[in-house]
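Here's a quick walk through one model, taking in its pockets, its sheet and a bit of helix packing. Have the structure open as you read.

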Amino acid sequence: MVVRVVTAADAAECERATIEAGTPAIELMERAGKAAATEILACATDADMVSVITGPGNNGGDGWVVARELALAGLLVRVIESAPPKTQEALEARERALKPGGSRRIDLADSLADEQIVVDALLGTGSKGSPRGRIRELVTAINDAGDNGAQVFALDLPTGVDADLGANGQSVRATHTVTFGLMKRGALLSRDRCGSIAVLDIGLQGEAVADLPMLIDGAWAHERVPPIRFDAHKGTRGRIVVFGGGEGMAGAAILAGMGALRSGAGLAHLVVHESNVESVHAGLPEAIVSAWSRDPAIVASILSRADAIAIGPGLGQGRNARNLVEQVLLATAAPAVVDADALNAFTGDPASLAALLHGRPAVLTPHPAELARILNVETDTVTNARFEIGSDLSRASGAALLLKGAPTVVFAPNGDRYISAAGTAALATGGSGDVLTGITATLLAHRLLSGRGKRTRLNTPARRRARDQKVGAHRIAEVAATAAYFHGRAAELCGPVRGTTLSDVLQALPDAWNETIPPERPGVLARLPAVA
């Protein structure tokens with residue numbers, strides 16, 4: 001089942017559709033509680049005592065089901081109620097849990113003790129604003145328990161984390177968050193409050209949210225990386241041409257080239273300002289290096305065998321940058337990744353950029369400030385609408401749009417959206433986007449080269465268009481999302497953020513590409529690690 005990234009309203013609609021299709025609300029609560037209890041037992045194998053902190057709504061009802069199931073599994077369970085249940089389902093779940101019989105034991109308590117596990121079942125998806133009163137007191141107690149070594153499991157969301165906006169004032173700091181069928185936006189925006197996140201299958205009707213963004217994971221990304229044949233040579237592994245490296249910016253072009261080569265490119269050709277040619281030769285001896293030229297014949301020769309181009313890393317700003325972007329894009333129909341200063345060159349003028357792309361397979365890779373410049377809006381506008389704001393530009397340009405950030409959102413021209421939550425703050429450093437540009441360009445070339453067998457000459461625009469039209473524009477968005485995942489995963493493999501550099505991320509890329517993704521246990525739809 002595909003995991004969708006949703007708002008609180010989306011989640012409520014999905015539950016309503018499931019109930020209307022014939023699943024009673026109490027049955028959904030039973031499924032959620034049982035699935036959460038199974039996850040808790042799988043993560044905390046040595047625990048024998050747990051406290052479940054319940055709220056008055058259905059999140060508290062989920063907590064009562066968890067309490068019952070953990071007691072049935074032999075754990076000593078204590079329940080602390082913030083208030084009596086207020087919904088029919090929560091009342092019924094409480095009655096079932098406290099019903100005498102069997103060997104289970106559930107005690108009611110007023111405060112936490114020395115629990116190994118604390119379950120936060122206070123407030124769920126529908127809550128807004130900072131916790132108040134008794135719930136606020138219990139949030140503090142849960143966090144104190146976590147500070148003293150308890151594992152804190154939040155049901156649906158940590159209390160105090162807004163499902164749409166993320167943390168809002170005081171909130172629970174969970175070591176694990178267990179959510180049901182869907183990934184809430186707020187969890188992705190407040191990963192530091194959620195710990196590891198497991199999305200569990202409870203049989204929700206996915207059709208109600210089928211047009212919402214899709215969360216991608218390692219298994220999804222690995223499936224979309226074309227294999228490199230045993231008899232490959234440098235020509236069949238993709239020729240990537242990078243235009244960038246303006247005066248004083250040789251490093252940006254080098255990092256893009258390194259990203260390409262670490263991602264499997266056979267050849268990287270860096271075209272930089274003449275003052276940087278020697279530096280780039282020294283910094284990346286594996287690459288071919290040329291100086292920028294205004295001679296159309298020289299530019300055409302450089303581009304003639306490119307399987308993909310990347311333009312923008314360290315390009316510099318001003319009229320000359322715009323002229324170079326226009327010259328390159330008009331001279332070739334090759335697939336393109338447009339990044340950094342190549343995007344800044346079209347500040348407030350997205351229509352001209354769309355015209356230059358002219359239907360070719362392309363990926364735009366702005367960070368929020370760059371997208372804000374193109375759209376002529378404030379950066380906060382982009383950040384606050386990150387899950388929607390790229391759709392119009394993607395549709396108008398026919399290009400996939402990769403909006404960098406935590407999480408990264410990729411927009412396809414047909415309206416599809418992909419979310420990659422991989423990565424750490426190690427990527428929040430100069431040059432990180434240049435590495436991603438190189439990765440993306442290589443995957444773009446590989447996607448278009450795959451299935452062709454031995455390399456054929458495709459030097460004319462007509463031949464290129466005939467080939468590239470076989471790969472739908474939405475597939476190019478999959479390429480971009482895959483690149484974002486591996487870029488982020490390499491950062492995760494580096495461990496703690498402090499002390500990690502882009503060189504470490506580049507060194508970790510081979511491990512990311514060649515990682516074996518173990519199968520999840522049945523019932524787990526997706527899993528995100530805790531952020532470092």
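## Pockets, sheet and packing

Helix H18 gives four residues to the lining of the largest pocket, the largest share of any element. Keep in mind that this is a predicted model. That pocket has a volume of about 870 Å³ and 41 lining residues, with Lys404, Gly405, Leu427, Ala428 and Ser432 nearest its centre. Besides H18, the elements that each supply at least two lining residues include H13 (340–344), H15 (368–375) and H20 (473–493).

H20 turns up again in the second largest pocket, where S12, H8 (218–223) and S22 (524–528) also supply at least two residues each. Here S22 gives the largest share, five residues. Of the 29 lining residues, Asp217, Gly218, Ala219, Ile517 and Arg527 lie nearest the centre.

| Pocket | Volume | Lining by class |
|---|---|---|
| Largest pocket | about 870 Å³ | 17 nonpolar, 16 polar, eight charged residues |
| Second largest pocket | about 720 Å³ | 19 nonpolar, four polar, six charged residues |

Now for the sheet. It's an open one of ten strands with mixed pairing, in the order S12-S21-S20-S19-S18-S17-S16-S13-S14-S15. S12 (214–215) and S15 (288–291) sit at the edges with a single partner strand each, so one side of each has no neighbour in the sheet. S15 runs parallel to S14 (267–272), joined by four bridges, and Val271 stands opposite Ser290 in S15.

Which helices pack on these strands? H11 touches S13, S14, S15 and S16, and its direction makes about 140 degrees with that of S13.

On the H12 side the contact uses Arg322, Glu326, Leu329 and Leu330, and on the H14 side Ser352, Leu356 and Leu357. Those contact residues divide into four nonpolar, one polar and two charged.

Notes:
Residues are numbered from 1 along each chain as its sequence is written. This is a predicted model: local features need pLDDT of at least 70, side-chain atom pairs count only at pLDDT 80 or more; totals for chains, interfaces and linings use all residues. Side-chain values use heavy atoms; hydrogens and water are left out. Contact means heavy atoms within 4.5 Å. Ala, Val, Leu, Ile, Met, Phe, Trp, Tyr, Cys and Pro count as nonpolar, Asp, Glu, Lys and Arg as charged, and the others, Gly among them, as polar. Two strands pair if DSSP finds at least two bridges between them. Axes are lines fitted to C-alpha atoms, for helices over the stretch in contact, and angles run from 0 to 180 degrees between N-to-C directions. On a 1 Å grid over the protein atoms alone, a cavity is a set of points where a 1.4 Å probe fits but cannot get out, and a pocket is an open set with protein on both sides within 12 Å along at least five of seven lines; lining residues have an atom within 4 Å of a point. Grid points are joined across faces, edges and corners, and a volume is the space filled by probe spheres set on the points.
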